[in-house]
Amino acid sequence: MKRTKLFAALTALMLILAACTAAEDGGAATTEAAAGGGDGGGAAAGGTLDAVRAADVVVCGVNDGLPGFGVVGADGTYSGFDVDFCRVVAAGVLGDADKVEYKPLTADVRFTSLQSGDIDVLIRNTTWTATRDGQEGASFLFTVFYDGQGMMVPASTGFTTLEDLADANICVLSGTTTELNLTAVFGARGIPFNPVVFEDNAQLRPAYEEGQCEGWTSDSSQLASFKAAIEGEGGDEQFIMAEIISKEPLGPVVSDGDTEWAQAVEWSVMATVQAWEFGLDSGNIGSYSGDNPNILNFLGTDNFDPGLGLSSDFAIQVVTQVGNYKEIFDRHIPAIGLSLEGSPNNIWTDGGLMYVPPYR
Amino acid sequence: MTTTAPAPPRETSLDWVKKNLFRNWWSGLISVILLPLSLYLAYRALRFLFVTGQWDAVRVNLTLFMQGTFSRDEQWRLISQIMIFALAFGIGLGTNSAASHDRAQDAGLDVERGTIAGTLARMWSLVAFIGLLLFFATTDDMGNLINPFLFVGGGLVMGAVGYQARRLPRRFRNVGWLLTMTFLVIGFQIVSGFDAGGWVPLGIIFGVSAYSIAPVDRFEASWLRGALRFAAALIVVLAIRAVYAAVDTPGIGWDDWSGLHLTLMVSAIAIVLAFPLGLLLALARRSTLPALRIMATAYIEVIRGVPLITLLFMGQFILGFVVPQDVTLSAITRAIAVMTFFSAAYIAEIVRGGLQALPKGQTEAGQALGLAPPPIMRRIVLPQALTAVIPAMVGQFISLFKDSSLLSIIAVLEFLGVRKIIHAQEAFRGVGIAETLVFVAIGYWAFAFAMSRESQRLERRLRVSR
Amino acid sequence: MTTETQEPQRRNLARPPFYRDVRVIRVVSQLLAVLVVFAIAFWLVNNLISNMNRLGISTSFDFLFGPTNTAIPYHGTFDPRSPVWQMALVGIKNTFLAGFFGVILASVMGLLVGISRLSDNWLVARLATFYVELFRNIPPLVIIIFFGFAVFTFGPFPIFSESWELKVPGSVNNFLIINNDRWGIPGFTATGALVGFWAILIFGVIVAAYVWLRRTKHFERTGQPHHRVLWFTGVVLASLVLAYFLTGQPVDMSWPVISENRRRVDGGFIANWGWMSVTFALGLYTASHLGEIIRGSILAVHQGQSEAGNALALSAFQRYRFVILPQAMRIALPPTINQYLNLVKNTSLGTAVGYAEITALTKTSVGNGRPAFQSFIIVMAVYLTFSLSISLVLNIVNRRLELESR
């Protein structure tokens, strides 16, 4: 009988103590914290900005396997174009670009993670489409990269149009808009084809290089990066068809219904373009001595506050810690074989699409 | 196996070959075909391992494979964890070895004590894997080199120190078990942090201990003894709680774990959490109450009837929505939850098997002694049934360990998932694809093989002891 | 208050107070358990629905009738505009294709390995042990990826346009087409209505089964050799021939041919690399478990049985075939079926090599915006139906075997 009482007594004891603890901590899930789940999780929808400030960290959904946009180095740190924009958000909202927690996501699960509040912002080469805007409960913000879907084939094949690929195997990543566009375009033109779907580029590339697919369709930026890589490592010469299958505007995404947070993210991101337009970069933004009132507003001189919920010096934080758009672009994108010149990602004054509303 | 029986004396090697390779004409034919074939395959495999393989992708990213994106500044936590776990395992093994030695001596049997060398030899696959790691580490720069040696060296030393627990006198044996569990918890928390709320596991361990060993025998009244026991447990638990509240240092939660570390920890956490649930399910399934039985059976059959990956997808897509709006669960928390609920169903079946295998006479003997059903279950049936199913439980753990590779499909960076991010790195895009896969396979194999060997050994010993 | 406490005391002799009455306890505790479980389930489902409504996520199954919008790998005939439920059917078919052939491979390999482990030949036994310990300690997902990439993508096979075409000697027909993407072997194609053909064939199988029973009875009555396998096969073959000619030769051989542009295989039975990877990987993985089960079952057959066979001057083969294996199979049946179920469930990992089975297709479909909850509920229902029906059959068979052994 001794043991019976023991268990009853201990259960009672644990319950009492757990209740005490829970009451003290304001009902937080203490046992989970004890088990080690500690610091997880983004904030729920509504009041995300306050929640992020309280947690003092931005939880950012990223890609961990996309050259140029999001990769993990041998030392376990994230880097890339998308990753830098996570840092931009952290610098703008929290004043410290390092206060980011990266969550690697697959293409399939990214919107669910956003909806369930697992992440605060999704910056994972996500294409803005009407369906996603409407059905996935997601709000797409300022487009940071204008991409388009293209088709790559080995140069030796001599193919120049999609029609040349009738009946061919075409490599594509699963669960992406790329797959849908491929089916739509080939279907519309009545070209039979066979998709070979892969989970990630780490497996797609060898299949393509070994000739299992005759075509590889993806965002042009990715194709360019892999073309450079394959040719650079002594592989066959590659050809990217001139035809662009679809428009692929990529940008940060937040959950629907939290305008305050959306504004904070969007203006932090747009600050990088604004700084570029003003000719400010991480080197000179701290030492600006001119008297352009727009720039002075932008730098938060005299505590200019448009009421976005951001601190007045957020632009300085963003640009000094991460850089302006051109700096971010140059850090990652030329390395994968794309240049800014002549692309839609150039500043509007040079004929590109990077145009932000005035900060005043 | 008949073929490995000890050779009779004065058998020459020629005799051996005749007997084991050319017993009759078809045996000889098979030998002649298979021998060169297997030698050739072994040659190709070794050549790949040591000559033709492009192992740079593994070498450079060795740390990434081991700990993934876990902050390099916090690496001391992992090193301490390995050492403390090694200490805990050492103490546990030492205490266990001393206990079985004493039992054998009581029974008048003459047994040899286990040795560290013997333990390492049994775990040869793990030793070989660690050797492979060190080999890769030594061929790279010093940055990678120091840590593996710290891990391995520290682990070995602490394990050896802990093993000395077998020298403890018999009356301290329970202290050995208590230390083992304490160090396991502390080893876990050295990484996850000593938060104010982290007192629960140690609180349970020490609370139970205090309750059972409180010196209350000189009091007559049973209610007084109970009250004093309760008071002792309460004091101990409150003290532990106070210590944790005073320390209250956050660590690195499991959301930030990855690599092999995550693989091992996720499997361990899930199996530990699943055990009580599985036990309850097994009891419910064998209950005479139809409602309990039906619900438990339905749960077990549904979970066992679907693939883990669909449950993991469900977890990723749905689990975030079945909790209230203001609670968020990270991807790893959800994965652990799913693996726990998944394993519980399998553990329930294992435990049920153990319960069924127990002769009915055991229960009847308990009834004859006038015991109520709960004590019969707890003091007669469960101890025997649970001991009998230990090997199957180890098997379930191995299976869970292998299944944890599925987390890579839902973008959790465990051991297999690290492969994907390595091949996104500039230097290794499309380079060393087969090598990283082989390395991962060797890693899984080394752990699973060592554990399956231990489980077979346990099974043999349990069979003998019965 | 007082009356309530006194009343049970008065009746104490007759029966215990209600709170110690076993019948009451049973009912109350069950009610409590059901209430708790249902309360939790209700709370979870309620959260789910309210959260989905809050986020505007669809809770209906209408999506099943919307267009699929993506092509299915290696299913050129599938129209991307067909509804989602048709895609699901293709997925289910592929799941069973991989599962069925995987089970066959696993059984053959498992039997081979299980017997080899007990072989007198040291080398054979050692190799079998090596095989078992190698395959069963590596996660099936890793083995699938290994087959997909190391064997097919990087393997020794040529690319599609340079396929090896093995001809039937003295003919232009391909016997086998091999490349790193799709393999083709001869198959059959219907040239007319098949209803009559199938009807005659099924009738033939029924007759064959009857003959089997008759031969068995005959053997039991007279002790003369029954040759029931021969009889059975003979009757089935005869009915096949009969059906073929009676219904006007409605089936024709179909030879695999590589198309003019060397990008398609037309005709024959075509296996794609994803299917082969999943089938081989899971077949070999499961065989390592089956090998152990079969070995254990053979060892579990009492030694005396083998010795008795010896005493009857049976050869080694006869001892295995007629004495040991039939008994071992009985012991091995339940765990073997469990392994088969595991194999079918493991085909859900086909997504790693782009194999279009139900889980992979659903994953893609969810990634393209279909509601996750409803989609995966359907997938789980498919697996569950399969698992439960197999378990049911297994239970029935088990009960029969148990009865026979008494």
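Student: Which residues does A:Val58 touch, not counting residues up to four places away in sequence?

Tutor: This is a predicted model, so read every contact as a computed one. A:Val58 touches A:Val52, A:Cys86, A:Val89, A:Ala90, A:Val93, A:Leu94, A:Lys99, A:Val100, A:Asp120 and A:Val121. Each counts as a contact because the C-beta atoms lie within 7 Å.

Student: What makes A:Val58 stand out in the largest nonpolar core?

Tutor: Its contacts with other members. The core has 280 residues. A:Val58, A:Cys60, A:Cys86, A:Val89, A:Cys171, B:Ala335 and C:Ile144 touch the most other members. Helix 15 of chain B, residues 331-357, gives the most to this core, with 15 residues.

Student: Which residues belong to a second, separate core?

Tutor: That core has twelve residues, including B:Ala196, B:Tyr211, B:Ala233 and B:Val236.

Student: Why is B:Met265 called buried?

Tutor: Count the C-beta atoms. B:Met265 has 21 others within 10 Å. The cut-off for buried is 20 or more, so B:Met265 qualifies.

Student: Where does B:Met265 lie, and what is it in contact with beyond its neighbours within four places in sequence?

Tutor: B:Met265 lies in helix 12 of chain B. Leaving those neighbours aside, B:Met265 is in contact with B:Trp254 and B:Trp257. B:Lys420 is 155 residues from B:Met265 in sequence and 20 Å from it in space, C-alpha to C-alpha.

Student: Why is helix 5 of chain B called roughly antiparallel to helix 9 of chain B?

Tutor: Again, look at the angle. Helix 5 spans residues 75-106 and helix 9 spans residues 173-192, and their axes cross at roughly 165 degrees. Over 145 counts as roughly antiparallel, so the label holds. The axes come within 8 Å. Here the crossing is left-handed.

Student: Which residues meet there, in helix 5 and helix 9 of chain B?

Tutor: From helix 5, B:Ile84, B:Phe85, B:Ala88 and B:Ile91 are among them. The helix 9 side includes B:Trp177, B:Thr180, B:Phe183 and B:Leu184. The contact divides into 14 nonpolar, seven polar and two charged residues.

Student: How many residues do chain C and chain B bring to their contact?

Tutor: Chain C brings 47 and chain B brings 46. On the chain C side, the largest share is eleven residues, from helix 2 of chain C. That side divides into 31 nonpolar, eleven polar and five charged residues.

Student: How much of chain B counts as buried?

Tutor: Of its 466 residues, 43% count as buried. Chain B has 20 helices and two strands. Its C-alpha atoms fill a box of roughly 80 × 65 × 50 Å, taken along the principal axes.

Student: What share of the contacts in chain B between residues at least 6 apart in sequence joins residues at least 24 apart?

Tutor: The share is 77%.

Technical notes. Residues numbered from 1 in each chain as written. Chains lettered and ligands numbered in written order. Predicted model: local features only at pLDDT ≥ 70, side-chain atom pairs only at ≥ 80, totals over all residues. Core = buried A, V, L, I, M, F, W, Y, C linked by C-beta atoms within 7 Å. Helix = DSSP H or I, 4+ residues; strand = E, 2+ residues; numbered from the N terminus. Contact = placed C-beta atoms within 7 Å. Nonpolar A, V, L, I, M, F, W, Y, C, P; charged D, E, K, R; others polar. Axes fitted to C-alpha atoms, helices over the stretch in contact; angles between N-to-C directions. Parallel < 35°, antiparallel > 145°, perpendicular 65-115°, else oblique. Left-handed = near helix turned anticlockwise from the far one by under 90°.
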